[in-house]
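Please keep the sequence and the model in view while reading.

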Amino acid sequence: MEFGIVGLGRMGGNMARRLARKGIRIAVSNRSHDVSETIAAETGHLACVTLHDLVEALQTPRIVWLMLPAGEPTEAALTTLMPLLSPGDLVVDGANAYYKDDQHRADLLAARQIEFADAGVSGGVWGLENGYCIMFGGSDTAAARLKPYMEALAPTPSSGWLHTGPVGSGHFVKMVHNGIEYGMMQAFAEGFALMKNKPGFDLDIGEIAELWRHGSVVRSWLLDLSAEFLAQDQALEAIQPFVADSGEGRWTALEAVEQGIPAPVMTLALMMRFASQGKNDFAAKMLAKMRQGFGGHAVKED
């Protein structure tokens, strides 16, 4: 047993389960040890209380795969891990991370002769059944060591995973992937809103979503998911109009600025998420007051 996963949230936990289904036994660790024990009981994996326990349980050279939130949780884990690992070990950040952070972390680990790889993982809660799309950066040596695990985690051994290039390239590609995802989701949301609110036609947007799934140029997994929930509820009255944004959407917009490459769709989709979070409220109040000031128009008050 050379492979361990740290972080057993929705993605990390299901990745551990998928590896078990493929006959691969690993060590697992989570901030809440109860989660580790539950998954270990289900899969036959080894539950470890601490990072030290996990490192000690793995044969060298080890592979430690992190599935932790970007920022401080990942930094803290790496700080703890570095003195515990040995030359020749490999650390993989498989959660969301900024690709420039990957490059910095790779340099820190290289000083200790420890390899680093970055893996962007797509598939969400469906990855357990369908497999994950994995794009990862790192050396050719790291790629060769990771190949058996990529083949097990991906939809098939020969599809759904790619060694994209050097360290940082995996998360860079995943960052752009998520930017595209933002734009596609926003376009579907706007289109269905136009149809739902069209007076006089009484459109059944659930039937339209199902129609578009067959032969249409906009057919996609996002449309499949939309058709599924619209078949049950077209009003969505119980849902608050609040959409969170991940770091990757912001990083994609910043990258467009850095490169001077126009990316208006992805950037505006990110701005719309900010607006849904109430961050446009003060600006809207300003607009209402200015309009009142020059035109005497009424404003709505709470």
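A residue counts as exposed when its relative accessible area is over 50%, as buried when that area is under 20%, and as partly exposed in between. The model is a predicted one. Its protein chain contains 13 helices and eight strands, and buried residues account for 40% of its 302 residues.

**Overall build**

- Along its principal axes, the C-alpha trace of the protein chain spans about 75 × 40 × 35 Å.
- Of the contacts between residues at least 6 apart in sequence, 66% join residues that are at least 24 apart.

**Aromatic pairs**

- The structure holds eight aromatic pairs, and one of them is formed by Phe3 and Trp65, whose rings are tilted at 40 degrees between the planes with 5.9 Å from centre to centre.
- This pair links distant parts of the chain, since Phe3 belongs to strand β1 (residues 3-6) and Trp65 to strand β4 (residues 63-66), 62 residues apart.
- Phe3 counts as buried because its relative accessibility is 1%, and Trp65 likewise counts as buried because its value is 0%.
- Phe192 and Trp212 form another tilted pair, with 5.6 Å between the ring centres and 55 degrees between the planes.
- The pair again links distant parts of the chain, with Phe192 in helix α8 (residues 169-196) and Trp212 in helix α9 (residues 205-212), 20 residues apart.
- Phe192 is buried, at a relative accessible area of 8%, whereas Trp212, at 28% relative accessibility, counts as partly exposed.
- Ring pairs also join Tyr98, Tyr99, Phe172 and Trp251 into a cluster.

**Charges over rings**

- The charged end of Lys198 sits over the ring of Phe201, at 5.6 Å from the ring centre.
- Arg273 lies over the face of Tyr182, where the distance to the ring centre is 3.6 Å.

**Ser169 in helix α8**

- Ser169 is placed in helix α8, and it is buried because its relative accessible area is 15%.
- The side chain of Ser169 reaches the backbone nitrogen of Gly165 at 3.2 Å.
- Leaving aside residues up to four places away in sequence, Ser169 touches Asp118, Phe136, Gly137 and Thr164.

**Helix α12**

- Helix α12 (residues 264-279) has 16 residues, yet its end C-alpha atoms are only 19 Å apart, which falls short of the 22 Å that a straight helix would reach at 1.5 Å a residue.
- Which residues of α12 are buried? They are Ala269, Leu270, Arg273, Phe274 and Gln277, and they lie on the same side of α12 because they cover an arc of only 145 degrees around the axis.
- As a general point, an α-helix has 3.6 residues a turn, so residues three or four places apart point the same way.
- The buried residues of α12 are covered by elements that include α8 and α11 (247-259).
- On the face turned away from the buried side, α12 carries the exposed residues Pro264, Val265 and Leu268.

Terms used
Residues are numbered from 1 along each chain as its sequence is written. This is a predicted model: local features need pLDDT of at least 70, side-chain atom pairs count only at pLDDT 80 or more; totals for chains, interfaces and linings use all residues. Side-chain values use heavy atoms; hydrogens and water are left out. Rings of Phe, Tyr and Trp (its six-membered ring) pair if their centres lie within 6.5 Å; planes under 30 degrees apart count as stacked, over 60 as edge-to-face and the rest as tilted. Helices (H or I, at least four residues) and strands (E, at least two) are DSSP runs, numbered from the N terminus. Buried means under 20% relative accessible area, exposed over 50%, partly exposed in between (1.4 Å probe, protein chains only). A charge sits over a ring if NZ of Lys or CZ of Arg is within 6 Å of the ring centre and within 35 degrees of the ring normal. A polar contact is a pair of N or O atoms within 3.5 Å; within protein, one must be able to donate a hydrogen and the other to accept it, and residues adjacent in sequence count only if both atoms are side-chain atoms. Contact means heavy atoms within 4.5 Å. The expected span of a helix is 1.5 Å times one less than its number of residues. The arc is that of the directions from the helix axis to the C-beta atoms.
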